[in-house]
Amino acid sequence: MFIYPENLRAKPMLWLWELRDIGIIGIAFLLSVLALSQGAGMVPLVITVLFSFLTIRVDGSSILDFLRRAACFLILQQQYYEWRLDP
């Protein structure tokens, strides 16, 4: 079931994922099954399932978005603190 957003500015959704994420998950799943059939192991399939879980969108936000913001805040961007003494 394809649900287009009501305000026409939000990204189109398919079930719980954006269409871009569905494409990435589909291609990764095909490559994972191919790797599994060639004897490469379960690692690509586990990564695909983990990515599909992290990109589930509820109320416009996903776990992956939260992890990206947390990494930027804690690790990637410099924080600036200004200390002053109040008399």
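Residues are numbered from 1 along each chain as its sequence is written, and side-chain values use heavy atoms, with hydrogens and water left out. Because the model is predicted, local features need pLDDT of at least 70 and side-chain atom pairs count only at pLDDT 80 or more, whereas totals for chains, interfaces and linings use all residues.

Helices (H or I, at least four residues) and strands (E, at least two) are DSSP runs, numbered from the N terminus. Helix H1 covers residues 19-37, and at 1.5 Å a residue its 19 residues should span 27 Å, the expected span being 1.5 Å times one less than the number of residues. The end C-alpha atoms of H1 are 27 Å apart, which agrees. Asp 21, Ile 25, Ser 32 and Ala 35 of H1 are buried (buried, under 20% relative accessible area; exposed, over 50%; partly exposed, in between; 1.4 Å probe, protein chains only). Viewed down the axis of H1, the buried residues fall within an arc of 90°, so they line one face of the helix; the arc is that of the directions from the helix axis to the C-beta atoms. These buried residues pack against strand S3 (17-18) and helix H2 (43-54), contact meaning heavy atoms within 4.5 Å. Ile 27, Leu 30, Leu 31 and Ser 37, on the other side of H1, are exposed. Just after H1, Gly 39 has a positive phi of about 90°.

Five salt bridges are present in the structure (a side-chain nitrogen of Lys or Arg within 4 Å of a carboxyl oxygen of Asp or Glu). Arg 57 pairs with Glu 18, with the closest N and O atoms 3.0 Å apart. Arg 57 lies in strand S4 (residues 57-58) and Glu 18 in strand S3, so this pair ties together parts that are 39 residues apart in sequence. Arg 57 is buried at 14% relative accessible area, and Glu 18 is buried at 8%. Arg 57 also forms a salt bridge with Asp 65, at 2.8 Å between the closest N and O atoms; Asp 65 is buried at 17% relative accessibility. In the salt bridge of Asp 21 with Arg 20, the closest N and O atoms are 3.5 Å apart. Asp 21 is buried at 3%, whereas Arg 20 is partly exposed at 47%. A network of salt bridges links Glu 18, Arg 20, Asp 21, Arg 57, Asp 65 and Arg 68.

A nonpolar surface patch consists of Phe 73, Leu 74, Ile 75, Leu 76, Tyr 81 and Trp 83, with about 870 Å² of accessible area together (Shrake-Rupley method, 1.4 Å probe; for residues, only the protein chains shown count as cover). Patches are made of residues with over 30% relative accessible area and no salt bridge, like charges being joined within 9 Å and nonpolar side chains (Val, Leu, Ile, Met, Phe, Trp, Tyr) within 5 Å. Phe 73 is found in helix H3 (residues 63-76) and is partly exposed at 48% relative accessibility.
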